[in-house]
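Open the model in your viewer and keep the selection tool at hand. The stops below follow one another from a helix pair to a set of loops.

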Amino acid sequence: MIYLDYSATTPVAYDVLESFNKANKDFFANPNSLYRLGVKSKELITSATKQISDIFNCLESEIIYTSGATESNNMAIIGYALANRNKGTHIIVSKLEHPSVYKICDYLSTQGFQIDYVNHDEEGIVDLEDLKKKVNEKTILISVCLINSEMGIRQPLKMIRQIAKKQSSQVVIHSDMTQGLGKVPINIHDVDLASFSLHKVYGPKGIGLLYKNSRLILEPIMYGSSKNNNLRPGTPSVPLIAAASKAIRLGTSDLDRKEVFVKRLNEKIIKKLTTYEDILINKTKYSIPHILNISLKNIKSETFVHAMEEYDIYLGTNTACSSGELSTSVMAIYNDKKRASSTIRISLSYLTTTDEINRFLNYFDVVFKKLNELK
């Protein structure tokens, strides 16, 4: 098998799975219980949270566990909007977000909030002049993802924050950093709210994080009994939290070496694919090497993906959450509906081998020629 859809999800790392299994076996008691077994589980959560907060250089109380980035996005954007609507009802969002952010904005627009979409330049970077113009006295929140999930475009969050705060000190910055964790260095203090999903960084599905600056107040979007915080009631999953901590520690180590290797694989693929007349490379100078997006001029992307699957090679189209639909990111950059409707996303990992890429390129050629002949 050759798996090249790491931006959709990743396999669980062996050490992460070991942490998960050990916690299930030895720390099964409810961490809200008062007896010693429950206290033992609570202490494991505390230790795991301390490890994560040390990596992010934030307070332990600023880490909130969720089921994944979609829940974190909801908790952050809806929670902050509802809690602070007395300050303003204007929200600014980029045009290169994950579909979950747009769905959240659609909901908030029915609740009296005005949603503005900031422009970007030809390289996909937020247009800072347009951002300046759009920020006003009613603006309370700006949401810009760190890494775009379809084309891998990396945004300068620190600069965006500085400009936004200069225009209005009350503006809060949220970022879905899911596609950045384990790929690029992250400075959590470039933003006020940040969403993560651990299954993108060799952790299990069903666990995510929300970083919330301690000075912020969010309106809960879930209700129930809890001894931990009023935002995520219920019994914390000790095994998932232990696994999350391990995944973050492993995923954020040795990033420079991993990136150099992935970049070499990326360049190898691009060198080969640029020899085809009917293939377009969808990237800008700000695209990270882990995500490579292409468009096939005369072949449906779904047809190509399924044809490659016959050789046990797995690719994506756009995001897994909107698979088979028009690529909003490619459309936003190139304003070409045909190009945006025929995209394939090749996402790489430090686990990908050179041999896998050689075999992928060989079968790519076979499938591409075969489908073109059928056409």
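Start with a helix pair. Select Thr303, Phe304, Ala307 and Met308 in H9; they meet Phe360, Tyr363, Phe364, Val367, Phe368 and Leu371 in H12. By class, this contact of H9 with H12 has nine nonpolar, one polar and no charged residues. Here Ala, Val, Leu, Ile, Met, Phe, Trp, Tyr, Cys and Pro count as nonpolar, Asp, Glu, Lys and Arg as charged, and the others, Gly among them, as polar. Contact means heavy atoms within 4.5 Å.

Before going on, note the ground rules. The model is predicted: local features need pLDDT of at least 70, side-chain atom pairs count only at pLDDT 80 or more, and totals for chains, interfaces and linings use all residues. Residues are numbered from 1 along each chain as its sequence is written, and side-chain values use heavy atoms, with hydrogens and water left out. Helices (H or I, at least four residues) and strands (E, at least two) are DSSP runs, numbered from the N terminus.

Now show the whole of H9 (residues 301-309) and H12 (residues 354-374). How do their axes cross? They come within 10 Å and cross at roughly 125°. That makes H9 oblique to H12. The axes are lines fitted to C-alpha atoms, for helices over the stretch in contact, and angles run from 0 to 180 degrees between N-to-C directions. Under 35 degrees is roughly parallel, over 145 roughly antiparallel, 65 to 115 roughly perpendicular, and the rest oblique.

Next, select H7, residues 238-251. Its 14 residues reach 20 Å from first C-alpha to last, close to the 20 Å expected at 1.5 Å a residue (1.5 Å times one less than the number of residues). Is H7 largely enclosed or open? Eleven of its 14 residues are buried, so H7 is largely enclosed by the rest of the structure. Buried means under 20% relative accessible area, exposed over 50%, partly exposed in between (1.4 Å probe, protein chains only). Colour the buried set, which includes Val238, Leu240, Ile241, Ile248 and Gly251. The buried residues of H7 pack against helix H1 (14-26), helix H2 (36-56), strand E2 (63-66), strand E8 (208-212) and helix H8 (255-273).

Step off H7 into the loop towards H8. Asp254 lies there. Its phi is positive, about 55°, although Asp254 is not a glycine. Most residues other than glycine have a negative phi. Asp254 is partly exposed at 43% relative accessible area. Ser253 sits in the loop between H7 and H8 too, and is partly exposed at 33%. Draw a distance from the C-alpha of Ser253 to that of Lys212: 23 Å, for residues 41 apart along the chain.

Now go to the loop between H2 and E2 and pick Asn57. Asn57 has a positive phi of about 60° and is not a glycine. Asn57 is exposed, with 57% relative accessible area.

Finish with two buried loop residues. Asn213, between E8 and H7, counts as buried at 15% relative accessibility. Which residues does Asn213 contact, leaving aside neighbours within four places in sequence? They are Glu62 and Asp192. Thr9, in the loop between strand E1 (2-3) and H1, is buried at 17%. With neighbours within four places set aside, Thr9 is in contact with Tyr3, His199 and Lys205.
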